[in-house]
Amino acid sequence: MLETIWFVLWGLLWAIYFMLDGFDLGAGTLLPFIAKDEQEKRLVYKSMGPFWDGNEVWLITAGGVTFAAFPTAYAVMFSSLYSALMLVLFALIIRGVALEYRNKVEGHGWRDGWDILLFVGSAAPALLFGVAFANIFQGIPIDTEGVYRGTLFTLLNPYGLLGGLLFLCLFCYHGAVWLAIKSFGELKERAIIFAKVLWVPLLILAVAFLVASWFATNLYANYLAIPVLWIVPAIAVVGLLATRWFLEQGALWNTWFASSAVAVGATLFGVVGLFPNLLPSSLDPKASLTIYNAASSPLTLKIMLGVALIMVPVVIAYQIWVYHTFRHEVTAEELVNGEGY
Amino acid sequence: MEVLILSRLQFAAATFFHFLFVPLTLGLSILVAIMQTKWYTSGDEEYKRMAKFWGKLFLINFGLGIVTGITLEFQFGTNWSRYSAYVGDIFGSLLAIEATLAFFLESTFIAVWVFGWERISPKLHLASIWLVAFASNMSAYWIISANAWMQHPVGYVVRNGRAELSDFIAVITQRFAVIEFIHTVSGAYILAGFFVMGISAYHLLKKQHVSFFSKSFRLALAFALIFSLFEVVQGHLNGAEVAATQPTKLAAMESHWKTEKYAPIYAFVIPKLSGEGNLVQILPIPGALSMLAYHTPSAEVKGLSDFKPEDRPPVFLTFAAFRTMVALGFLFVVLTIYGFVIRKKLTEHPKYLRIMLLAIPLPYIANEAGWMLAEVGRQPWLVWGLMRTSAGVSPVDPSQVAVSLIAFILFYGLLGAVAFWLMARFAKKGPAPATAAA
């Protein structure tokens, strides 16, 4: 039971991470395409300013919880995905530094350099997280000793790449909606157009992923066994349709909430299908890591649960307060002399 | 074997680099919070400008501390998977709790502070910088209790082929953790004090913004003086704790080879780079090592010769790190006491100011040396007495680690250069003019 609770929490933490960091990874990816001049570029940066750092901690927490609740899975998963994870880490470092240092020095070379790094540092994790999770969903070649029998290129299979593209497109859409909320003037209008255009490939990729999952993975077994679980992918599907509808209505916050539901629903769709596996082996079912053979001791799970039940709601509460405090559109005056990194 | 060496080098590089930024975060957050509190209570605008100026340097530094910390958490899994699987039940939970309790608070409220000057009430804004200071220091406690557990594992049982938690409170309140935490944060506060004093000295030497930087200097001086004095006394407790728990580390620290009573400390020692014993050892202070370790001159201190070679840490590095740290620690006391004496007329002592400017890197060296002592001196153990370093490494392809190691070095080298260049640039530029600050 404790293991199951932690499995659910584990999935939720990743889902929240993708929902939150998803929009700033997306906005960073869109930067070179959507911002036409220096003022618009600053606007993109400012739109993420107060949020990205707090968002990224959800990744730390998701990673930490994997370590604490399912240490064996953490060990095998992270060492198996060695090169992919290193790429993600370097990308996230570059990106964080770009966000903080870009506006510290005047000068075209300096700014243009950081703009490129922000793009790379945002697009690469978006793509690689998708690749990594799709591979986890379909299983990776690990043996009974927990040793990975593949290379980085093993992960770049068609289903993995489809997952990567889906995440990239979803985050870009999510980011475009966020920019529409936070910016003003021409950038706002352009962001809305971007969102409308991006929604089409997003729909196609989502459908393709759902279909491909039927053939490439075992994810549907749980849904066929317990039909009430269909609610989870339904959240993603409804969110996907609703977000387009809200976008048409010009209800931007609702558009964003709906695309958040897509991010959460899509992640949990995979996680629920995975249960009770954390990391299925494509070589030998006996080598699969499950919540039963990879979990921490009951004592650790209990203590951690206590901490999580008290602290996670507190964190959510103050982060909501921060989002509420900085919910307004960035103003022209803030771009000139406002505070910032 | 190859993976082991590469992974050790990579982890060493990543932690060293991380800890170039952490101490300043720990200390300067408090100093900025004090400055802002003074502005809030007295209304003196100069303190607001101080909080903004030092806050700007704080932020350049803060960002790198955060992003380099993320890689560390993930490297336990990528490079030390056997270790992670073996101790995750205990070690992993400390990291996870750190993230939920402290890291969220720190990362969320730093943004509130940065973007909130005009947006939220001054009281709330002041609270946010204090929350950042509190959270980063609390974060240090969790990380250090995790490290202390590697140094001196308690509260566990070996069950199901791994170390499992049996007493959580013992893990987070053990003496080793408390002492190590106090020692580490005090070192960080000294570093922050010297950082502020050094930059202030630069401007005082040029006789610019004299009031602004005299105030900054004196505040930092008080901070650094208190913790430099404290660190000397406290460091002694640390030594005694190591003697009680890690005898090979203690012996390596002093390059002490022969088991004896009235064990001396030699004023000047050169350990042999390979093999047994010291090349040179002169000027013994009889009984000093026995005194340091066990508080009595007659106590017997075990020498390295009585440990099997495979159980000894690398002596030269451990020894050199220890001596460097201690020598610098005493130097900090001298420099801060002298500064205290002349605190009212700093600008009349350009020589002292020049020394303080040049002294900026010294606490960085002392902090890194301290960690080198703690970590190299712990070898060959990954978890003291429980798991050897060689048993903890991931079964990954060496070429992967070689590539990531090279990437780390190049990448961190560049980032470090950019960060310190930026800090120097803003430090030299000085504070914004008084009129624009309101």
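How many residue pairs are in polar contact between chain B and chain A, both at pLDDT 80 or more? The count is 19, where a polar contact is a pair of N or O atoms within 3.5 Å; within protein, one must be able to donate a hydrogen and the other to accept it, and residues adjacent in sequence count only if both atoms are side-chain atoms. This is a predicted model, in which local features need pLDDT of at least 70, side-chain atom pairs count only at pLDDT 80 or more, and totals for chains, interfaces and linings use all residues. Residues are numbered from 1 along each chain as its sequence is written, chains are lettered from A and ligands numbered from 1 in the order in which they are written, and side-chain values use heavy atoms, with hydrogens and water left out.

**Interface of chain B and chain A**

- Chain B brings 72 residues to the contact and chain A brings 63 residues; contact means heavy atoms within 4.5 Å.
- About 5900 Å² is buried between the two chains, 76% of it on carbon and sulfur atoms; buried area is the accessible area (1.4 Å probe) that two parts lose on being put together, summed over both.
- B:Phe74, B:Phe104 and B:Phe115 account for 13% of the area that chain B buries against chain A, more than any other three residues.
- On the side of chain B that touches chain A, the elements giving two or more residues are helix 3 (45–79), helix 4 (81–115), strand 2 (162–165) and helix 14 (398–429). Helices (H or I, at least four residues) and strands (E, at least two) are DSSP runs, numbered from the N terminus.
- Helix 4 of chain B gives the most to that side, with 26 residues.
- The residues on that side of chain B divide into 43 nonpolar, 20 polar and 9 charged. Ala, Val, Leu, Ile, Met, Phe, Trp, Tyr, Cys and Pro count as nonpolar, Asp, Glu, Lys and Arg as charged, and the others, Gly among them, as polar.

**Chain B as a whole**

- Chain B has 15 helices and 6 strands.
- Its radius of gyration is 23 Å, close to the 22 Å that the globule rule gives for 438 residues, so chain B is as compact as a globular protein of that length. The radius is taken over C-alpha atoms, and the globule rule is 2.2 Å times the number of residues to the power 0.38.
- The C-alpha trace of chain B spans about 70 × 50 × 40 Å along its principal axes.
- Of the 438 residues of chain B, 61% count as buried; buried means under 20% relative accessible area, exposed over 50%, partly exposed in between (1.4 Å probe, protein chains only).
- Of the contacts in chain B between residues at least 6 apart in sequence, 79% join residues at least 24 apart.

**Selected residues of chain B**

- B:Asn137 sits in helix 5 (residues 122–151) and counts as buried at 9% relative accessibility.
- The side chain of B:Asn137 makes a polar contact with the side chain of B:Tyr189 (2.7 Å) and reaches the backbone oxygen of B:Leu26 at 3.4 Å.
- B:Gln75 belongs to helix 3 and is buried, with a relative accessible area of 0%.
- Beyond its neighbours within four places in sequence, B:Gln75 is in contact with residues including A:Met86, B:Gln10 and B:Phe408.

**Selected residues of chain A**

- A:Tyr148 is in the loop between helix 6 and helix 7 (158–182) and counts as buried at 15% relative accessibility.
- The side chain of A:Tyr148 reaches the backbone oxygen of A:Thr151 at 2.9 Å.
- A:Asp112 lies in helix 6 (residues 108–138) and counts as partly exposed at 36% relative accessibility.

**Backbone features**

- The peptide bond from A:Phe275 to A:Pro276 is cis, with omega near 0 degrees.
- B:Gln379 and B:Pro380 are also joined by a cis peptide bond, with omega about 5 degrees.
- B:Ser255, a residue other than glycine, has a positive phi near 50 degrees and counts as buried at 2% relative accessibility.
- B:Tyr262 is not a glycine but has a positive phi of about 50 degrees.
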